[in-house]
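User: I am new to this structure and would like to learn how to read it. Please take me through it feature by feature.

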Amino acid sequence: MTMQEPTSTDISIQTDRLTRSFGSLVAVKELNLVIRSGEIFGLLGPNGAGKTTTIRMLTTLLPPSGGTATVAGRSILADPVGVRKSMGYVSQMISADGALSGFENLLLFARIYGVPKVERRKRIDDALGFMGISEARDKLVRTYSGGMIRRLEIAQSMLHRPEVLFLDEPTIGLDPAARHQVRDRLKELRRSFGTTILLTTHDMDEAEDLCDQIAIMKSGVIAAEGSSEELKRQANTSSMDQVFIHFAGEFSDTTNFKDVARARRTAKRLG
Amino acid sequence: MTPPTSKMLPAPAARPNAWADRYSPAVFLRDTTAIVSAELVKLRRDPSEIFARSIQPALWLLVFGQVFGKLHALPTGKLDYFSFLAPGILAQSVLFIAIFYGINVIWERDLGILQKLMASPAPRGALVFGKAVSAGMRAIAQGTIVYLMAFVMQVPLNWSPLALGGVLLSIVLGAALFSTFSLMVACVVKTRERFMGIGQVLTMPLFFASNAIYPISIMPGWLKVVAHINPLSYQVDLLRALMVIGGTTTFGIGTDLAILTSTLIALVLITSKLYPSIVR
């Protein structure tokens, strides 16, 4: 690798032998990752590779079976509340409440994240404006298009100006136009606020377009890591799809019933 | 590949205020209020559930109450059977609204809403207590309808502000208690299908093993024991003392309030511990 070794102050996310088992199944095995501040980092891999499990551990939703990690300099084990304050999270599923308007969804989280009352309205309007959904501010979220819901969720995650943003398959179930809108907003987010972004995706073009660094996971471990150009060189190919096949394997689909049901439910809700 | 990094990791020290973040009463109150406000917006926007759930208490009061009232078979003290039954039916309608609250949380988990809340710094206790208070608010709306029915059926209601305040408190306490119990069950069973089955199994024993429709004094010995550990009995007892003119209490208002409050606190503490498991 050509990059300089990062110092601890440059690092936004770091895992140290992070491990999670479910019974006899080791979903994530002794994962070591270093993600620099302000970087967009893509975690790729087939279903069941351990991407979502990794994000769930880093967001403190799932305790690790072994190892540890820091997010924005805070330990997921010793200071989970500090980690939650420092990060935003957009889950694979649709987490906006369809029975509330866009404004009301954001208001709930502005209150929970302790945004001062005098700042709330401005912060919400700014976030909606940044994501290009100001006009839908007072409409019920159940009337939003898929791309609008995703942008609302990102706005919701950014209200408290977190240092780190986790996105679990943010463009799943979206049409190409909506995918581009979401990608553009993420790039703008990093440009404007210097937010560190860790995202998972199956879309190799998306990873190449968005990510400074990519790690391909297979069976709970990192099979390859580097920039898209470095990975192409390692795999001796010009195609990111071939990179994926090279490192994750051609017959790597371990999708189970639950994965398919969840993806279809999300896609259905996104319309 | 990035090499093992244990030497590079900064010391995983907790911030000095990490404990305060978790246990600050101000944060707890703020986050509870945020959850309640969002739930109230939803209730105001779609109150159909409240009206749909009014049918059952109406049937109990109109059909069961009228038939059993004519039998004069139950020792209801100075109260006629309608007056005896009305507080029991109010408590029953609160129970029925609250006991299925857990299914909403499973639904929110399946939609991804709960994951987002759990990834926020909100104390788990505030998320649970917020839901409990929201159930209380829904139950007040339901209670108002039962009150109106009782008024129309000429039940001698006690309109003194103190009594009305006590009734409101009793409704909120009962709904919060049973909805928290419901959330606890949801954390254990985790799926909507299992919850529906268990919800049905829980509701009837709680209702029939209480003093809602007949006094504890006529119960067989074993059922008396169950009725005494059933929180619904204490809610009914409190309502019976406050809601109708001439109403009396078996356990004492202080005992009723103490048991309902302490059970609610215990359930909130247990459910807060279990709550993260629902998204794992």
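**Reading the helices, core and rings**

Analyst: Helices (H or I, at least four residues) and strands (E, at least two) are DSSP runs, numbered from the N terminus. The model is predicted, so local features need pLDDT of at least 70 and side-chain atom pairs count only at pLDDT 80 or more, while totals for chains, interfaces and linings use all residues. Residues are numbered from 1 along each chain as its sequence is written, chains are lettered from A and ligands numbered from 1 in the order in which they are written, and side-chain values use heavy atoms, leaving out hydrogens and water.

User: What span does helix 4 of chain A reach from its first C-alpha to its last?

Analyst: The expected span of a helix is 1.5 Å times one less than its number of residues. Helix 4 (residues 117-130) of chain A has 14 residues and reaches 20 Å, close to the 20 Å expected.

User: Which residues of helix 4 of chain A are buried?

Analyst: Buried means under 20% relative accessible area, exposed over 50%, and partly exposed in between (1.4 Å probe, protein chains only). In this helix A:Arg120, A:Arg123, A:Ile124, A:Ala127, A:Leu128 and A:Phe130 are buried. Seen down the axis of helix 4 of chain A, the buried residues fall within an arc of 155°, so they line one face. That arc is taken over the directions from the helix axis to the C-beta atoms. On the other side, A:Val118, A:Arg121 and A:Lys122 are exposed.

User: What do the buried residues of helix 4 of chain A pack against?

Analyst: Contact means heavy atoms within 4.5 Å. The partners are helix 3 (102-112), helix 5 (146-158) and helix 6 (176-193) of chain A.

User: Which residues touch the most other members of the largest nonpolar core?

Analyst: In soluble globular proteins, nonpolar side chains tend to be buried together. A nonpolar core is a set of buried Ala, Val, Leu, Ile, Met, Phe, Trp, Tyr and Cys residues joined through side-chain atoms within 4.5 Å. The largest one has 168 residues, and those touching the most other members are A:Ile154, A:Phe166, A:Leu186, A:Leu189, A:Leu198, B:Met243 and B:Tyr275. Helix 5 (residues 81-99) of chain B gives the most to this core, with 14 residues. Beyond four places away in sequence, A:Phe166 touches residues including A:Ile13, A:Met87 and A:Leu198.

User: How many aromatic pairs are found over all chains?

Analyst: A pair of aromatic rings is described by the distance of the centres and the angle of the planes. Rings of Phe, Tyr and Trp (its six-membered ring) pair if their centres lie within 6.5 Å; planes under 30 degrees apart count as stacked, over 60 as edge-to-face and the rest as tilted. The whole structure holds 12 such pairs. B:Tyr81 and B:Phe84 have ring centres 6.0 Å apart and planes at 25°, so they are stacked. Both B:Tyr81 and B:Phe84 are buried.

User: Where does A:Arg185 lie?

Analyst: A charge sits over a ring if NZ of Lys or CZ of Arg is within 6 Å of the ring centre and within 35 degrees of the ring normal. A:Arg185 lies over the face of A:Phe130, at 5.5 Å from the ring centre.

User: What does the secondary structure of chain B come to?

Analyst: Chain B has 13 helices and 0 strands. Its C-alpha trace spans about 85 × 40 × 35 Å along its principal axes. Of its 280 residues, 56% are buried.
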